[in-house]
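Okay, thanks for making time, everyone. I want to talk through the charged side chains in this one, so let me put it up on the screen.

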Amino acid sequence: MSIEVNNESGAEVDEGLIVALAGHVLERMGINPLAELSILVVDEEAMAVLHEQWMGEPGPTDVLAFPMDELRPGAGAGARQEGDAPADPALLGDVVLCPQVAAKQAAEAGHSTEAELEMLCTHGILHLLGYDHAEPEEHKEMFGLQGELLESWQEVRTQR
C-alpha cells in the first residue's frame, strides 16, 4: 500500500501511526496492495474552506473524504456517467483530517485526540470505499464496521 500523509496543520500528529492504521484498515477491507491513499492534515481555516466548497456548510469539520472518481471532470458530484471508463482501482482518493476539531471532540468524548484521529481516519477511509451513513441501515453498517476495524486495530497496536 502506498499511504502518504501530508501535515499542513501546524499540529503535532503521529504520522507513522496514521499510516499504520490506514494500512490496517485497507488490509482488513481486502483492498489491493497496490492501492494509493493520500491523507492530508489541515488546520481549521483550511478545513472550513474545504467544508464550504465541497459540502456547502460553514465552519470547519473533523474529516472529509474525496474518492478519486469524484475529482474527475464531467462527473457531477461524483456521479458515474454511462460509458465512463472505470476509475483506477489503485487510486482510492484523499482523506482530510483536522486535528484541532478532533481535539475538541476528543475532550468532549473523554478520550485522547489520537484516538479521535484514528476514528476519523477510519471513518474517512470507509467513505472512500463507498460506505455512507445517510440512511439508518447504512449508518448501522458503516459504524458497526468502523467499530470492528478500530477494535482490531487496538489489538494489533497492543502487539506492536
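**Charged pairs and a charged patch**

Let's start with lysine 104, which is partly exposed at a relative accessible area of 47%. Just keep in mind that we're looking at a predicted model.

So who does lysine 104 pair with? Its salt-bridge partner is glutamate 44, and the closest N and O atoms sit 2.7 Å apart. Lysine 104 is in helix α3, residues 99-109, while glutamate 44 belongs to helix α2, residues 44-55, so this pair ties together parts that are 60 residues apart in sequence.

The rule, for anyone wondering, wants a Lys or Arg side-chain nitrogen within 4 Å of a carboxyl oxygen of Asp or Glu.

Now over to arginine 157.

Take glutamate 114 to begin with: its salt bridge with arginine 157 has the closest N and O atoms 2.4 Å apart. Arginine 157 lies in helix α5 and glutamate 114 in helix α4, which covers residues 113-128, so here the pair ties together parts 43 residues apart in sequence.

Then there's glutamate 118, which forms a salt bridge with arginine 157 too, with 2.8 Å between the closest N and O atoms. Glutamate 118 is again in helix α4 and arginine 157 in helix α5, so this pair ties together parts that are 39 residues apart in sequence.

What about exposure in that network? Arginine 157 is partly exposed at 26% relative accessibility, and glutamate 114 is partly exposed as well, at 33%. Glutamate 118, on the other hand, is buried: its relative accessible area is 3%, and the cut-off for buried is under 20%.

Last stop, the surface. Which residues gather in a patch of negative charge there? That would be Asp132, Glu135, Glu137, Glu138 and Glu141. Patch members have no salt bridge, by the way, and each has over 30% relative accessible area.

Let me pick out glutamate 137 from that group. You'll find glutamate 137 in helix α5, residues 136-159, and that's the helix where arginine 157 lies. Is glutamate 137 buried or exposed? It counts as exposed, because its relative accessibility is 61% and the line is drawn at over 50%.

How values were computed. Residues numbered from 1 in each chain as written. Predicted model: local features only at pLDDT ≥ 70, side-chain atom pairs only at ≥ 80, totals over all residues. Heavy atoms only, no water. Patch = residues over 30% accessible without salt bridge, like charges linked within 9 Å, V, L, I, M, F, W, Y side chains within 5 Å. Areas by Shrake-Rupley, 256 points an atom, 1.4 Å probe, with all protein chains shown as cover. Lys, Arg positive; Asp, Glu negative; His and termini not counted. Charge placed at Lys NZ, Arg CZ, Asp CG, Glu CD. Helix = DSSP H or I, 4+ residues; strand = E, 2+ residues; numbered from the N terminus. Buried < 20%, exposed > 50% of the residue type's maximum accessible area, 1.4 Å probe, protein only.
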